Amino acid sequence: MNLNALWEYANPVKFSRTVSLVLPWVSVLALVSLVVGLVWGFFFTPDDYRQGSTVKIIFLHVPSAMMAISAWFMMLVTSLIWLIRRHHVSALAAKAAAPIGIVMTLIALATGAIWGQPMWGTWWAWDPRLTSFLILFLFYLGYVALWEAIENPDTAADLTAVLCIVGSVFAFLSRYAVNFWNQGLHQGASLSLDKEENVADVFSTPLYVCIAGFVLLFVALVFLRTRTEIHKRRTKALLARERLG
Amino acid sequence: MIPDLGKYADTVLSSYAVSILLLVLLVAVSIRAARKARIELEQVEGRRNG
Amino acid sequence: MISLLLRDLRLAMRAGGGFGLGLSFFLIVTVLVPFGVGPGSALLAKIAPGILWLGALLACLLSLDRIFALDWEDGSLDLLATSPLPMEGVVTVKALAHWLTTGLPLCIASPVFALLLSLPPEGYQWLILSLVLGTPALSVIGTFGAALTVGLKRGGLLLSLLVLPLYVPTLIFGAEVARRGAEGLATTTPILMLAGISAGTIALLPFASALVLRVNLR
């Protein structure tokens with residue numbers, strides 16, 4: 001697909017039409033891969049010799065954590081597109097993605113806490129990864145709150161886009177600051193069991209299916225929510241025109 | 001039906017429950033908002049054309 | 001530019017907020033901490049760097065919404081926007097005025113507060129150094145947050161929600177400098193990181209603040 005064809009989807013009407021065509025397929029695919037992946041992971045994987053059955057949490061924890069970061073990254077890209085090319089769909093897609101990112105971050109944090117309880121003996125530790133995710137959660141909250149607070153849609157899109165870009169830089173900085181800070185506190189804590197490196201083949205295939213499911217779910221939800229925003233915007237515009245007579 | 005989860009049954013089950021609940025909530029909220037927005041738009045457009 | 005700075009400083013003085021408010025807030029935090037955690041000086045000495053940095057951060061936050069609020073209400077912000085002074089200059093001056101009225105007094109007064117929290121003597125220089133290096137970043141980042149929320153009626157709470165996550169790196173490195181200094185550890189790396197963050201934010205963030213302010217004045 002060449003780039004010019006891609007920009008056509010920046011047209012709200014065209015976007016809505018494409019979404020209507022694609023959305024059912026993406027949703028079904030997302031549902032199928034989620035069900036397959038999670039059922040496979042839950043029922044048909046062996047226990048890990050060290051972690052016991054808790055290893056099954058990986059099928060929720062890793063995909064949601066990945067999507068929490070990917071969602072912010074997608075918001076960063078769409079914010080840049082909005083600021084540079086002023087495509088309304090792009091700004092609305094960023095707005096639509098933020099609540100999904102919040103839920104993904106929540107799932108990652110919740111499953112992590114539940115998993116950490118038996119494995120590390122604590123619900124919460126100020127481990128660099130956990131801390132970074134909490135900070136990411138705060139960034140999401142601020143971003144959504146700013147969208148909610150501003151009346152004028154274009155102003156809101158501009159301000160949130162700038163916040164997203166500045167926030168990305170600071171989130172990145174925080175990631176490294178937190179790494180540094182925690183090493184300073186307790187050297188080489190045993191908490192940073194690298195989850196991905198330990199994964200054996202029995203677990204990796206259903207894990208990939210789950211990741212695919214989460215990605216597809218994210219895409220489907222972004223499509224759906226962006227279309228919702230377009231409809232809302234259009235209703236508002238029509239109502240305003242009605243009032244003018 | 002449910003596989004033998006050993007002593008970590010609570011842990012595994014509760015994390016699946018929490019996650020699936022959150023996902024279902026997110027999907028439900030999104031679908032409801034979408035439906036509401038579409039119906040409102042159709043009403044306004046219908047008034048305009050009719 | 002200088003006249004704008006002087007005017008801002010005068011306004012801050014006259015409103016009584018400037019020097020007094022931030023400092024008294026800092027004092028109250030310092031006084032309340034021993035009530036909360038107990039008067040044992042070993043514990044206090046241990047947490048003093050962190051508490052002092054948190055106090056400085058909150059004192060900064062407290063006065064942020066006043067950076068643009070007055071000028072927004074009486075319309076002088078629009079005048080500034082149409083003046084020959086570039087918007088980037090305006091926000092830089094605003095941030096500088098904010099630092100002079102809150103950051104600088106905090107830096108100067110911090111030894112007294114450190115005394116109250118029984119910070120070990122070798123920590124003083126590092127605490128002051130870290131505050132001098134870090135508080136300008138707090139003011140500049142805060143100005144960005146204030147520019148984002150300038151037109152909003154109930155911007156105060158939102159402002160905190162937006163600005164506090166942005167303060168994380170500065171707080172981590174700043175408190176780390178003070179803590180390591182107090183414990184007699186090497187401080188070079190966090191000092192360099194802190195100075196880097198300050199320099200980077202001062203150099204780049206005014207552009208974002210100006211952009212945001214222009215959008216808000218549109």
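Visitor: How many helices and strands does chain B have?
Guide: Chain B has one helix and zero strands. Here helices are DSSP runs of H or I with at least four residues, strands are DSSP runs of E with at least two, and both are numbered from the N terminus. The structure is a predicted model, in which local features need pLDDT of at least 70 and side-chain atom pairs count only at pLDDT 80 or more, while totals for chains, interfaces and linings use all residues. Residues are numbered from 1 along each chain as its sequence is written, and chains are lettered from A and ligands numbered from 1 in the order in which they are written.

Visitor: What elements does chain A contain, and in which order?
Guide: Chain A holds seven helices and zero strands. Read from the N terminus, the pattern is α-α-α-α-α-α-α.

Visitor: What makes a residue of chain A count as buried, and what share of the chain does so?
Guide: A residue is buried if 20 or more other C-beta atoms, placed from the backbone, lie within 10 Å of its own; it is exposed if there are 12 or fewer, and partly exposed in between. By that count, 44% of the 245 residues of chain A are buried. In chain B, the buried share is 18% of 50 residues.

Visitor: Where does H2(A) have a kink?
Guide: The kink lies at Val22(A), shortly before the proline Pro24(A), and is about 40°. The bend at a residue is the angle between axes fitted to the seven residues ending there and the seven starting there. Buried residues of H2(A) include Phe15(A), Val19(A) and Ala30(A).

Visitor: What makes chains A and B count as touching, and how many residues are in contact?
Guide: Two residues are in contact if their C-beta atoms, placed from the backbone, lie within 7 Å. On that basis, 31 residues of chain A are in contact with 24 residues of chain B. H7(A) gives the most to this side of chain A, with 11 residues. Of the two pairs of chains that touch, A and B have the most contacts.

Visitor: How many residues does chain C bring into contact with chain A?
Guide: Chain C brings 20 residues, in contact with 21 of chain A. H8(C) supplies the largest share of this side of chain C, 10 residues. The side divides into 17 nonpolar, one polar and two charged residues. Ala, Val, Leu, Ile, Met, Phe, Trp, Tyr, Cys and Pro count as nonpolar, Asp, Glu, Lys and Arg as charged, and the others, Gly among them, as polar. Chains B and C do not touch, and their nearest C-alpha atoms are 23 Å apart.

Visitor: Why are the buried residues of H4(C) placed on the same side of the helix?
Guide: The buried residues of H4(C), residues 66-73, are Ile67(C), Phe68(C) and Asp71(C). They cover an arc of only 65° around the axis, and therefore lie on the same side of H4(C). The arc is that of the directions from the helix axis to the C-beta atoms.
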